[in-house]
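Here are my notes on the model, point by point. Have the structure open while you read.

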Number of protein chains: 2
Amino acid sequence: MKSEIIAVGSEMLTPWRQDTNSLYLTQKLNEIGVTVAFKTIVGDRRKDLIGAIRTALGRTDVLILVGGLGPTEDDLTREAVAEALSLTLRRDASQVAALHARAAAWRIPMPANNLKQADVLEGATLMANPNGSAPGQWLDATFGGYRKLILLVPGPPAECRPLFDAECVPRLRAAVPERSIARRTLRAAMIPESQADKLLAPIYTAYADVETTILAHCGDIQLILLCSNSNAAAAKQRVDELAGRLEEALEDWLYSSEGESLEQIVLYYLGLRQATLAVAESCTGGMLAERITSVPGSSRSFLGGVVVYSDELKTAFANVPPELIAQHGAVSAEVVQALAAGIRLRTGATLGVGVTGIAGPTGGIESKPVGRVHIAVSDAQKTESIERTFRGDRTRIRQWTTQQALDLVRRRLM
Amino acid sequence: MKSEIIAVGSEMLTPWRQDTNSLYLTQKLNEIGVTVAFKTIVGDRRKDLIGAIRTALGRTDVLILVGGLGPTEDDLTREAVAEALSLTLRRDASQVAALHARAAAWRIPMPANNLKQADVLEGATLMANPNGSAPGQWLDATFGGYRKLILLVPGPPAECRPLFDAECVPRLRAAVPERSIARRTLRAAMIPESQADKLLAPIYTAYADVETTILAHCGDIQLILLCSNSNAAAAKQRVDELAGRLEEALEDWLYSSEGESLEQIVLYYLGLRQATLAVAESCTGGMLAERITSVPGSSRSFLGGVVVYSDELKTAFANVPPELIAQHGAVSAEVVQALAAGIRLRTGATLGVGVTGIAGPTGGIESKPVGRVHIAVSDAQKTESIERTFRGDRTRIRQWTTQQALDLVRRRLM
């Protein structure tokens, strides 16, 4: 079954705002077995909106209109659907009462215009919106002789998403032929991109019934496997079989079989080993600590860290001997190993990590170009470091570096 | 003049990929005086694409097709435009030669299918693509009796954007009535949202000829002012006049009149005062240091910081007396002031910042709920702290907290 999502709102036709609801809705629709064939973004202009609705109904079976349900003059979705399908709008008395009660409870004035939120399309069912004033509407209609499902949902993500889950998904499930969707997400770190393609493409292209999406970002690869089948067990079996073959090919680049992030995996291993971690960062400037602490509960294994931009602080907080910096420079294997060993000693952590490098855009020289980084991991047995040269802008170089650091910790813990 | 952007590619109809080129193109189009009335995303299906092209030509004057120009079977944009407008495609001999030369230079095989990239629409002009194999095409055509400009540009951002700037913008400028665009971006920090609305709406709504967009995110507000006029000086005068009135209303919430980030402004003031900064973070876990060090050249004023998740590290790295933590708890005014003063002392920085709080989702109690944070700034004269309770998930609470901390530093430096 084919669907179209129309996002309504002039702000999404500026260079600064993007429709993001449709990504969420697409995932939910795909899980029911409904594909998204078109996405349209249209402004708050009556004529444009009516035209877009008619176009959508001419080419798809399910139309989801997101936004334009509020109380202002710019909110035209109800009126436009009525005009596009020659339906009447009636003002619902219980909705009017609910709007008055809401205004009274919040002690806010209730302009007459607000009441348009109580207008219901002929033949439509209201869908409750506990997070806002405008309810959604579900319309099972006929257009050009064909049955069409038309859903009106509010635009603010905090209203749109819960309403779609609670009200639209069950109704759609009942209305469309049943499909089961199996899904798995595998993740791998720091695998060279050319290698990934060569390794993986021959495997997943042999599974034509499993849709494989590969997302790559700064040393992180996600493989999303999706199989739609009328039989749930058959869908799961195909996805698991492909996942098993991909996992084998990925060897120890694979860090997650169920979609967990690299930070989560590192914290999981730390917990398993009853180990603690501390970091000393120079060029990543806190990004490594920030990534680790973005995981709730990270305080159980992560003691803390230092951001040592100046040479003096490398000495003061991580015991790096000033002579070492003078002799080898701050961006060197010697200094990064001292950082990792020093922060471990100073914090009493099981594992210490050191990071130093040149994030750019300036500060590079021929022997130490922008993107050159050193990363070290230290435990009671040994301190080891690697040197890498990453490409891209300051942000990307820092992201690659933190990814590499987390992966080194993972490998040390494995 | 109205335009539509059609992004072509099935991957943009999945839950994981989004069209982002259109934001860039919209900005460039707006600067020429072309508005974007519709954005459509369509998959790699011939029939869908032809339909979308005809719909677009029926409702706008300028159609920009992004993607679908590559060598694979899925790349159908050229063929679809030809069919939608009943035009022929001819294979361009010099393009064929260029494709062969490119393959030879890169020592890659050249499948016959690749040659479709040399197919040119009847009446179209090729637009050079120095970053890829498929050139763009510019077509000045007639559809339904009206003049239509149709632009075919490649999808990869690294090809799309330079080609649009170099080839499309000058041609569009020559083809559409001349307009000048003046633009200003004002930024303000930590202004309560209700206050912002009440203060600003009466001012900017009086300037109907200036388009005002307000973007709010975790304590940061951007006001983007845009005026399009046939006279450049008149456009600039209107934007500057409105900007002046808004700046006055925003008082000291305003931190930037030219769009700089709060991090940049803080570093600017630090440089001006020849002051240095160091931070001691608990709940923000490195995010504050990360934000500051995301700015190139930040090492001139930012010495570094510590991420002190454990109580022991608060003492070891920022001199917080253990009794103070025992008596008041780690999330308290007393401890955050000790953090700020301690990190200043330990690093020798002019200014020390301390942050402590409960980022959630767990760990809150009735007297100290999730979202409660304390932030302190310390200099040679005094150490002061504030208490705030932010709402949202872990990420948002941490973002609000770092924004508040940066704003406190800005105010101390002003």
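1. Which residue stands opposite A:R184 in β11(A)? A:L225 does. A quick word on what we have: this is a predicted model, where local features need pLDDT of at least 70, side-chain atom pairs count only at pLDDT 80 or more, and totals for chains, interfaces and linings use all residues. Residues are numbered from 1 along each chain as its sequence is written, while chains are lettered from A and ligands numbered from 1 in the order in which they are written.

2. β9 (residues 180-189) and β11 (residues 220-229) of chain A pair in the antiparallel sense over ten bridges. Helices (H or I, at least four residues) and strands (E, at least two) are DSSP runs numbered from the N terminus, and two strands pair if DSSP finds at least two bridges between them.

3. Both strands sit in an open, antiparallel sheet of four strands, ordered β10-β11-β9-β12 in chain A. At the edges, pairing on one side only, are β10 (210-217) and β12 (254-256) of chain A. From one strand to the next the twist averages 30°. Helix α7 (residues 232-250) of chain A packs on the sheet, touching β9, β10, β11 and β12 of chain A, and its direction makes about 10° with that of β9(A). Axes here are lines fitted to C-alpha atoms, for helices over the stretch in contact, and angles run from 0 to 180 degrees between N-to-C directions.

4. On domains, chain A is assigned domain 1 (2-175), domain 2 (185-256) and domain 3 (262-413); the bounds come from an automatic or database domain assignment. Seven residues of domain 2 of chain A contact nine of domain 3 of chain A, contact meaning C-beta atoms, placed from the backbone, within 7 Å.

5. Now the two chains. Their contact takes 51 residues from chain B and 52 residues from chain A. Strand β2 (residues 35-42) of chain A runs antiparallel to β2 (residues 35-42) of chain B, joined by five bridges. There, A:F38 stands opposite B:V42 in β2(B).

6. Last, helix α10 (residues 311-318) of chain A. Its buried residues (20 or more other C-beta atoms within 10 Å of their own, with C-beta atoms placed from the backbone) are A:L313, A:K314, A:F317 and A:A318. They lie on the same side of α10(A) because they cover an arc of only 110° around the axis, the arc being that of the directions from the helix axis to the C-beta atoms. Just after α10(A), A:N319 takes a positive phi of about 60°.

Conventions: Two residues are in contact if their C-beta atoms, placed from the backbone, lie within 7 Å. A residue is buried if 20 or more other C-beta atoms lie within 10 Å of its own, exposed if 12 or fewer, and partly exposed in between; C-beta atoms are placed from the backbone.
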